Amino acid sequence: HRPVVTDEELRSAMRRFPSGIAVLTVPVPYGVTIGSLVSLSLEPALVGVSIGRDAQALELVREAGGFALSVLAGDQAALAQHFARSVPPIAQWEGVAAQATARGPLLEGAVSWLECAVDSEHPAGDHTFFVGAVERVELGREEPGLVYRDGRYLPA
């Protein structure tokens, strides 16, 4: 039988592990800050993201059949905080500089951008794990990335 770990115990342990921060977008337009982006495979080019089952982004990613990712720079903590809040989709974009693409808006000033088609999805507890087939990559500024550790956004 499995050992029982509380959500708070796991959360406390994972707070000590720096997570790279990206904003996942879909064409609606809608965006959400994520710390779960992971490179899965180089050939074929695959990445993964985890989205909470009760998050608005879950159905939006399913409906869109893909997503875009803006990997944030160390000086973009305000953008990470902005997209981490629950804001109506239209209000999300007031004052945010972005370039529209078929997969979703790409935020200006990021260190890199990825556009992905949903390859597969997998239930994972209270989240759904999406595997994205990377269709396009663009490199941005040569700056440190943004990470989340101990409840704070920090330059990497």
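Tutor: Two rings of Phe, Tyr or Trp, with the six-membered ring taken for Trp, form a pair if their centres lie within 6.5 Å; planes under 30 degrees apart count as stacked, planes over 60 degrees apart as edge-to-face, and the rest as tilted. The model examined here is a predicted one. A search of the whole structure finds 2 aromatic pairs.

One of these pairs joins Phe83 and Trp93, with 5.1 Å from centre to centre and 55 degrees between the planes, and is classed as tilted. Phe83 belongs to helix 3 (residues 77–84), whereas Trp93 sits in the loop between helix 4 (89–92) and strand 7 (98–99), so the pair ties together parts that are 10 residues apart in sequence. Since a residue is called buried when its relative accessible area is under 20%, Phe83 qualifies with 1%. Trp93 is likewise buried, with a relative accessible area of 15%.

Another pair is formed by Tyr148 and Tyr153, which is also tilted, at 4.9 Å centre to centre and 55 degrees between the planes. Tyr148 is partly exposed, its relative accessible area being 34%.

The wider fold gives these pairs their setting. The protein has 4 helices and 12 strands. Its radius of gyration is 15 Å, close to the 15 Å that the globule rule gives for 156 residues, so the protein is as compact as a globular protein of that length. Along the principal axes, the C-alpha atoms fill a box of roughly 50 × 35 × 30 Å. Of the 156 residues, 40% are buried. Among contacts with a separation of 6 or more, 65% are between residues 24 or more positions apart.

The protein exposes about 8,900 Å², of which carbon and sulfur atoms supply 56%.

Leaving aside neighbours within four places in sequence, Arg62 is in contact with Glu121, Thr128 and Phe130. Arg62 and Val118 are 56 residues apart in sequence, yet their C-alpha atoms are 7.8 Å apart in space. After helix 2 comes Gly65, with a positive phi near 75 degrees.

With 0% relative accessibility, Ser70 counts as buried. Beyond its neighbours within four places in sequence, Ser70 is in contact with Ile21, Ala22, Val23, Pro105, Leu106, Leu107, Ala110, Ser112 and Trp113.

To return to the request, the pair of Phe83 and Trp93 is tilted, and so is the pair of Tyr148 and Tyr153. Phe83 is buried at 1% and Trp93 at 15%, while Tyr148 is partly exposed at 34%.

How values were computed. Residues are numbered from 1 along each chain as its sequence is written. This is a predicted model: local features need pLDDT of at least 70, side-chain atom pairs count only at pLDDT 80 or more; totals for chains, interfaces and linings use all residues. Side-chain values use heavy atoms; hydrogens and water are left out. Helices (H or I, at least four residues) and strands (E, at least two) are DSSP runs, numbered from the N terminus. The radius of gyration is taken over C-alpha atoms; the globule rule is 2.2 Å times the number of residues to the power 0.38. Buried means under 20% relative accessible area, exposed over 50%, partly exposed in between (1.4 Å probe, protein chains only). Contact means heavy atoms within 4.5 Å. Accessible areas come from the Shrake-Rupley method with a 1.4 Å probe; for residues, only the protein chains shown count as cover.
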